[in-house]
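Here are some exercises to work through with the structure open beside you. Try each task yourself before reading its solution.

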Amino acid sequence: MKKLLSVAGAALLTALAAVFALGQPAQAATGFSVSNGRLYDANGVEFVMRGVNHAHTWYPQQTSSFANIKALGANTVRVVLSSGDRWTKNSAADVANVISLCKGNRMICVLEVHDTTGYGEDGAATTLAKATDYWLSIADVLKGQERYVIVNIGNEPFGNQGYSAWITDTSNAIKRLRAAGLTHTIMVDAPNWGQDWSFTMRDNAGTVFAADPQRNTVFSIHMYGVFDTAAEISDYLGRFRTAGLPIVVGEFGFNHSDGNPDEDAIMAYAQANGIGYLGWSWSGNGGGVEYLDMTTSFNPAQLTSWGQRIFNGANGIAATSREASVYASTTPTASPTVSPTASPTTSPTVSPTPPPPTTPPPSGGCTATYTVANSWQGGFQGEVKVTAGAAAITGWTVRWTYANGQSVTQAWNASVSNSGSAYTARNVDYNGRLGAGASTTFGFIGSWQGTNSTPAVTCTPA
């Protein structure tokens, strides 16, 4: 999120065609990749973001928002996180939970550190280097999720002072992430509270793109009062398209304290040119910009006028969003039958154990597959995939018993209860009905000591 800009006296910089004349090498399809200014998913299918921002770090209890955002048609959610430099740090376990919520609801996660907002002008903001430290501290829960996660290094990393450092600081942050083995598509925000009125990002994006040894960086512009005419919007976005560099509108609104952005032009141009957009924001705004809430008190049944516009209006999310192909039925979100000798880029968090047990699929029945999606000292993230058999079902119950003292501490997309080591998970309202052969997933965070073996699971249809 942003503040009032001071744009008087900003000089237009030189045209960027020559700066942007860069070759783009082939990218290994372990996750998202960039080619000729377009974003492609791990199946090589072009992906255009259509979604919203969700203020998770300030409202961590609002986990139902992920399902609600998906239900309105979004294919992407940009999730606000904190590195702990300004707000309460989101732990590795919490980030793992967020990723599973995105995956369970078949959305792509754009994860961003918000503590960098307005650095150089806002004394409470932190640096891109500190944001990078945070990403490296949770690298274990990011690795293996390249098919589903895009790393947005820092939100609006400079205000209206000292922003010339954006070029070097952003390039260095990208290089550090790559050196640490993170191969995700990286997203970088513009300076000037995200709006780049100085054209620092626009005119130096080629240099920053070239700093990424994988050539897998996407640029994000935030469009508020600076972008109040269709001409300004088409000129800015069009220059990236002409240069063959990837651009998304990472935030925008229908109004703002610094002016009245032209949301109709933003959405129309984005749709006509295959450019992603992520509106600000689902709910929970304060400080005088409450009007940017898309829902009232996180209630999807109470869309505001802005919520109605972005979800259901012309060129809106409902009409234009297409789910990432990695969630197609032929491409499961986990790979529980990967053998110990498989390539680590396929499912690096799968331990070299036999394939997880499943129940046979009787006609009208269901199967359940238990996977340890991520693991760290003393904790782990589990995921269970439920698949209907030869006939549709109206509900399901999954049961398992831990043999080594593991326990579940929180769950999503299922109602989970236990009696000692015996656990029962039942569907929730929105994922009980499955057509023949259709699947859904639920996830959980658990704890373990010593051994974290995979239990046998059973599935019973309603």
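**Exercise 1. Decide whether helix 2 is mostly covered or mostly open, and check its length.**

Solution. Keep in mind that this is a predicted model.

- Step 1: Go through helix 2 and look for buried residues, which are those under 20% relative accessible area.
- Step 2: Name them. The buried residues of helix 2 include Asp94, Asn97 and Lys103, along with Val95, Val98, Ile99 and Leu101.
- Step 3: Helix 2 runs over residues 92-104, and at 1.5 Å a residue its 13 residues should span 18 Å. The end C-alpha atoms are 18 Å apart, which agrees.
- Step 4: Arg106 follows helix 2 and has a positive phi, near 60°.

**Exercise 2. Work out whether His54 is buried or exposed, and list what it touches.**

Solution. 

- Step 1: Find the residue. His54 belongs to strand 3, residues 50-54.
- Step 2: Compare its accessibility with the cut-off. His54 has 0% relative accessibility, so it counts as buried.
- Step 3: Look for its contacts, setting aside neighbours within four places in sequence. Among them are Gln62, Phe66, Val79, Trp282 and Phe298.

**Exercise 3. Describe how helix 8 packs against helix 7 and helix 9.**

Solution. Two packed helices are described by the angle between their axes and the distance between the axes.

- Step 1: Begin with helix 7 (residues 230-243) and helix 8. Their angle is about 30°, and their axes lie 9 Å apart. Helix 7 is therefore roughly parallel to helix 8, and their crossing is right-handed.
- Step 2: Find the contact. Helix 7 contributes Ala230, Ile233, Ser234, Leu237, Gly238 and Arg241, while helix 8 contributes Ala265, Ile266, Tyr269 and Asn273. Sorted by class, this contact has 6 nonpolar, 3 polar and 1 charged residues.
- Step 3: Turn to helix 8 (residues 263-273) and helix 9 (residues 305-312). Here the angle is about 20° and the axes are 11 Å apart. This pair is therefore roughly parallel as well, and helix 8 passes helix 9 in a right-handed crossing.
- Step 4: Find this second contact. On helix 8 it uses Glu263, Asp264 and Met267, and on helix 9 it uses Trp306, Arg309 and Ile310. By class there are 3 nonpolar, no polar and 3 charged residues.
- Step 5: See what is covered. In helix 8 the residues Glu263, Ala265, Ile266, Met267, Tyr269 and Ala270 are buried. The elements covering the buried residues of helix 8 include strand 3, helix 7 and helix 9.
- Step 6: Look past the end. Gly274 follows helix 8, with a positive phi near 65°.

**Exercise 4. Describe the packing of helix 5 and helix 6.**

Solution. 

- Step 1: Read the geometry. Helix 5 (residues 166-179) and helix 6 (residues 200-211) pack at about 30°, with their axes 10 Å apart.
- Step 2: Classify the pair. An angle under 35 degrees counts as roughly parallel, so helix 5 is roughly parallel to helix 6. Helix 5 passes helix 6 in a right-handed crossing.
- Step 3: Look at the contact. Its residues include Trp166 and Ile174 of helix 5, and Met201 and Val208 of helix 6. By class the contact divides into 6 nonpolar, 5 polar and 1 charged.

How values were computed
Residues numbered from 1 in each chain as written. Predicted model: local features only at pLDDT ≥ 70, side-chain atom pairs only at ≥ 80, totals over all residues. Heavy atoms only, no water. Axes fitted to C-alpha atoms, helices over the stretch in contact; angles between N-to-C directions. Helix = DSSP H or I, 4+ residues; strand = E, 2+ residues; numbered from the N terminus. Parallel < 35°, antiparallel > 145°, perpendicular 65-115°, else oblique. Left-handed = near helix turned anticlockwise from the far one by under 90°. Contact = heavy atoms within 4.5 Å. Nonpolar A, V, L, I, M, F, W, Y, C, P; charged D, E, K, R; others polar. Expected span 1.5 Å × (residues − 1). Buried < 20%, exposed > 50% of the residue type's maximum accessible area, 1.4 Å probe, protein only.
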